[in-house]
Amino acid sequence: MDGRTSQTDGTQTWRTGRSARALDDVDRRILAELTRDGRVSVRTLAERVHVSRANAYARIDRLVGDGVITGYTAQIDPERAGLGTSAYVLLTIQQNTWREVAAALNALPYVEHFALVGGDFDVLALVRAPNNAELRHVVLERIQDIPGVRGTRTWLIFDEHEGRGVGWR
């Protein structure tokens, strides 16, 4: 094994499930602070995790270089942003069509996240739309028209909460 955690085919990056080097307690505390506030200054971050600013800069650079930190972003409340209808859409696809289906899903509006999964279904997608009519359009007219998609099942989300997550949260 070469230690990579992803593969690229030129258009998409596919996570393979292998882990990078282990994180120590300071790395996890840095990730916890950045997860809570991605806009925190390095000076404040260093003070909170009890390291020097130089050490904090070096660790952040390493975490970015290793692909652990992949970006900094705002957390948005979908409902307050006008996306009041959310659903998990489970897809059954034809064998050997994952890359084409993934590329098509990636191009669709309102598809927030999708993953190849094992079990009774092949793909799990999170779709957030402004209303039920738009959700219906995305699922029945856009997703089901993707070549390779054999069927879908939609589960409406009535309420959702963030879980505890991993140790750095």
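Me: Which residue takes a positive phi in the hairpin of β4 and β5?
Reply: This is a predicted model. The hairpin of β4 and β5 has 6 residues between the strands. A positive phi near 130 degrees is taken there by Gly119.

Me: How many bridges pair β4 with β5?
Reply: Strand β4 covers residues 111–116 and pairs with β5 in the antiparallel sense. Within this pairing, Phe114 has Ala125 as its bridge partner in β5. The number of bridges between β4 and β5 is 5.

Me: Which residue in β5 is the bridge partner of Tyr88?
Reply: Strand β3, residues 85–93, is joined to β5 by 7 bridges, and the two run antiparallel. For Tyr88, the bridge partner in β5 is Leu126.

Me: How many of the 7 residues of strand β5 are buried?
Reply: Strand β5 spans residues 123–129 and is mostly covered. A residue is buried if its relative accessible area is under 20%. In β5, the count of buried residues is 6 of 7.

Me: Is Thr154 buried, partly exposed or exposed?
Reply: Thr154 lies in strand β6, residues 149–157. Its relative accessible area is 34%. Buried means under 20% and exposed means over 50%, with partly exposed in between. Because 34% falls in that middle range, Thr154 is partly exposed.

Me: How far apart in space are Thr154 and Val89, C-alpha to C-alpha?
Reply: Leaving aside neighbours within four places in sequence, Thr154 is in contact with Ala87, Tyr88, Val89 and Val139. Thr154 and Val89 are 65 residues apart in sequence. In space, their C-alpha to C-alpha distance is 4.4 Å.

Conventions
Residues numbered from 1 in each chain as written. Predicted model: local features only at pLDDT ≥ 70, side-chain atom pairs only at ≥ 80, totals over all residues. Heavy atoms only, no water. Helix = DSSP H or I, 4+ residues; strand = E, 2+ residues; numbered from the N terminus. Buried < 20%, exposed > 50% of the residue type's maximum accessible area, 1.4 Å probe, protein only. Contact = heavy atoms within 4.5 Å. Pairing = 2+ DSSP bridges.
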